[in-house]
Amino acid sequence: MRIRKVAVSLGMAVAFTGASATTAGAYDNSDLSIQSWEYNTGDCPCSNSSGLDYTGFKKDVGGEALKLVVKKNGTPVAQVEFHPSDELLYVYDGKNDGDTIYVRAQWWEGLKKEATYWAPGTSKELDMNKVEMGADDDLDEGEAVYFRLYDDKALTDPITDWYDYIAHA
């Protein structure tokens with residue numbers, strides 16, 4: 001298991017907005033931090049209880065799982081997980097403010113493919129969207145997948161840099 005804290009360029013106004021493409025300005029440049037954990041799932045089952053939930057990863061020899069947690073002043077407000085055993089992507093919004101977080105995924109299958117995922121962004125305490133990427137987006141075994149988090153539907157206000165790892169079915 002590799003645990004690394006990811007430095008994030010916060011030279012932008014950061015807010016989690018929902019249906020609109022504009023920034024709500026809920027957060028300033030200094031109150032967000034990102035933590036990421038990558039797991040070699042050949043060594044699993046394994047778990048991580050930080051963030052918005054208890055996350056359990058299944059054994060998948062050669063796979064690598066990813067968990068990203070966005071914190072505001074040390075409190076988790078959003079989370080993204082990739083589970084390679086079933087090619088599942090989970091997007092969580094844990095800030096009960098009617099907005100959400102957007103996740104952009106990129107990979108190559110001859111040509112560059114892209115997809116955007118988000119949590120519903122309701123007034124619930126915790127919103128979650130579970131996507132079976134293998135069925136929806138046909139990830140090939142061992143395909144490199146890149147993720148970036150945004151606070152707006154138009155994908156003009158990034159929260160993170162791009163993250164990459166190798167996804168295994």
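The model is predicted: local features need pLDDT of at least 70, side-chain atom pairs count only at pLDDT 80 or more, and totals for chains, interfaces and linings use all residues. Residues are numbered from 1 along each chain as its sequence is written, and side-chain values use heavy atoms, with hydrogens and water left out.

**The fold**

The chain has one helix and 12 strands; helices (H or I, at least four residues) and strands (E, at least two) are DSSP runs, numbered from the N terminus. Along the sequence, the pattern reads β-β-β-β-β-β-β-β-β-β-α-β-β. Of the 169 residues in the chain, 50% are buried. Here, buried means under 20% relative accessible area, exposed over 50%, and partly exposed in between, with a 1.4 Å probe and protein chains only. Counting contacts (heavy atoms within 4.5 Å) between residues at least 6 apart in sequence, 58% join residues at least 24 apart.

**The cores**

A nonpolar core is a set of buried Ala, Val, Leu, Ile, Met, Phe, Trp, Tyr and Cys residues joined through side-chain atoms within 4.5 Å. The largest one has 26 residues, and those with the most contacts inside it are Val70, Leu89, Tyr117, Met133, Phe147 and Leu149. Strands that each supply at least two residues of this core include S2 (32–40), S6 (75–83) and S11 (144–150). S6 gives the largest share, four residues. A second, separate core of six residues includes Trp37, Tyr39, Phe57 and Val69.

**Aromatic pairs**

The whole structure holds five aromatic pairs. Rings of Phe, Tyr and Trp (its six-membered ring) pair if their centres lie within 6.5 Å; planes under 30 degrees apart count as stacked, over 60 as edge-to-face and the rest as tilted.

| Pair | Centre to centre | Angle between planes | Class |
|---|---|---|---|
| Tyr39 and Phe57 | 5.2 Å | 35° | tilted |
| Phe82 and Phe147 | 6.3 Å | 40° | tilted |

Tyr39 lies in strand S2 and Phe57 in strand S4 (residues 55–57), so their pair ties together parts that are 18 residues apart in sequence. Both Tyr39 and Phe57 are buried. Phe82 belongs to strand S6 and Phe147 to strand S11, so this pair links parts that are 65 residues apart in sequence. Phe82 is buried at a relative accessible area of 1%, and Phe147 is buried at 0%.

**A covered strand**

Six of the six residues of S7 are buried, so this strand is largely enclosed by the rest of the structure. On one side sit Leu88, Tyr90 and Tyr92, and on the other Leu89, Val91 and Asp93. Strands pair if DSSP finds at least two bridges between them. S6 and S7 run antiparallel and are joined by six bridges, with Ala78 opposite Asp93 in S7. Four residues lie between the strands in this hairpin, where Glu87 takes a positive phi near 50°. S7 also pairs with strand S10 (residues 127–132) in the antiparallel sense, over six bridges, and there Asp93 stands opposite Asp127.

**The disulfide**

Finally, the structure holds one disulfide, a pair of cysteine sulfur atoms within 2.5 Å. Cys44 and Cys46 form this bond, with their sulfur atoms 1.9 Å apart. Cys44 counts as buried, at 4% relative accessibility.
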